[in-house]
Amino acid sequence: MSDDAHNNDDGHHSLMVNNKKLLMWLFLGSDCMFFGTMISTHLIYRKLYPESYDPTSLFSLELTSFSTFILLMSSFLMALAVSAMHKGDIKSFRRNTIGVIFFGLIFLGCQVYEFTEFVHAGLTLSSGTFGSTFYMLTGTHGVHVAIGVFWLICMYFYSFTGKMDAHQSAVDVEIAGLYWHFVDIVWIIIFTAIYLIEFI
Amino acid sequence: MSDAHSPSETDHNGEAQKYHAFINLALALAAITGVELVLVYLPINQAVIFTVLIALSLFKFISVIAWFMHLIYDRLLLTLAFGTGLVIATGTVIALMFILDRSYVDFEAITAF
């Protein structure tokens with residue numbers, strides 16, 4: 001078997017980059033554009049109609065900062081989970097993955113609580129441009145988090161089947177990790193551009 | 001004994017270094033989030049706070065990509081794959097923010113539509 005053919009079997013192309021990993025990075029690049037358009041839509045409407053809605057009385061910066069902290073710490077645990085998988089330490093991988101799932105669920109819980117409060121205060125998806133763009137952006141991000149949590153739960157249970165090996169599965173865990181970190185970096189931008197800027 | 005380290009020893013040192021880098025970064029990110037929260041309530045010039053918030057946000061953004069997402073340890077091709085999308089997205093946001101400035105938009109035309 002030639003070297004090239006061997007590399008292809010191993011999930012690499014001639015540039016010696018894992019195909020799955022390259023595809024995930026390309027997907028994340030395209031997702032950047034997706035979120036970029038939604039963030040700009042929200043900011044443009046805020047700029048064009050600044051008097052339409054004042055969210056400072058509605059936003060709880062303490063809660064949002066807590067959510068941000070939770071998501072950042074989940075990213076830290078995810079990095080440890082990926083590192084553990086590279087070392088072939090399945091137990092450490094499971095421990096850290098459960099931590100990420102737990103933190104992800106806390107984040108989603110905070111978002112559900114926040115949305116419920118906002119709806120009770122009269123801010124709905126159809127109450128104006130602010131509501132539409134705000135819920136579309138943060139809701140889409142929330143869906144991304146929920147997909148990430150589901151993905152990690154599947155991976156966690158898969159680790160008990162005995163089919164996970166340090167070499168092959170490390171790449172799969174790394175790809176799930178990339179997705180999770182991406183969700184985190186999008187929130188870093190949303191936290192500043194949508195929440196913090198309203199208070200200055 | 002020779003000074004050369006065995007591959008497994010080098011791997012172990014590399015992983016230990018990464019572990020410490022991850023902990024330091026996590027602590028720094030948590031601290032920055034706290035600073036951001038305090039910053040918006042400080043009675044300082046708005047432009048200064050805005051600039052600092054953007055800078056801190058960018059620092060967090062780049063740090064997570066570089067270390068947690070392993071981009072500094074990976075091949076340049078992956079940076080280019082992600083960077084292309086990121087540059088287009090950033091360019092779109094900046095361009096739209098300038099094009100759709102309040103002074104350029106015809107509000108009467110929008111309301112008539």
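Predicted model: local features only at pLDDT ≥ 70, side-chain atom pairs only at ≥ 80, totals over all residues.
Setting aside neighbours within four places in sequence, A:Ile190 is in contact with A:Leu137, A:Thr138 and A:His141. A:Ile190 also belongs to the largest nonpolar core, which has 63 residues. Together with A:Ala81, A:Val100 and A:Val186, A:Ile190 touches the most other members of that core.

Where does the core get its residues?

The largest share comes from α6(A), with 16 residues. On the chain B side, domain 1 (1-70) and domain 2 (75-113) both give residues to this core, so it lies between them. As a general point, nonpolar side chains tend to be buried together in soluble globular proteins.

Now for chain A as a whole. Its secondary structure comes to six helices and zero strands, so to speak an α-α-α-α-α-α pattern when you read along the sequence. The C-alpha trace of chain A spans about 70 × 35 × 25 Å along its principal axes. Chain A has 200 residues, and 36% of them are buried. Take the contacts in chain A with a separation of 6 or more: 82% of these join residues 24 or more positions apart.

The axes of α3(A) and α4(A) are 8 Å apart, and the two helices pack at an angle of about 160°. Since angles over 145 degrees count that way, α3(A) is roughly antiparallel to α4(A). The crossing in which α3(A) passes α4(A) is left-handed.

Over in chain B, have a look at B:Leu39, which sits in helix α1 of chain B. Is B:Leu39 buried or partly exposed? B:Leu39 has 19 C-beta neighbours inside 10 Å, so it counts as partly exposed; being buried takes 20 or more. Not counting residues up to four places away in sequence, B:Leu39 touches B:Ile49, B:Val52 and B:Leu53. Of these, B:Val52 is 13 residues from B:Leu39 along the chain, and their C-alpha atoms are separated by 8.8 Å.

Conventions. Residues numbered from 1 in each chain as written. Chains lettered and ligands numbered in written order. Core = buried A, V, L, I, M, F, W, Y, C linked by C-beta atoms within 7 Å. Buried ≥ 20, exposed ≤ 12 C-beta atoms within 10 Å, placed from the backbone. Helix = DSSP H or I, 4+ residues; strand = E, 2+ residues; numbered from the N terminus. Domains from an automatic or database assignment. Contact = placed C-beta atoms within 7 Å. Axes fitted to C-alpha atoms, helices over the stretch in contact; angles between N-to-C directions. Parallel < 35°, antiparallel > 145°, perpendicular 65-115°, else oblique. Left-handed = near helix turned anticlockwise from the far one by under 90°.
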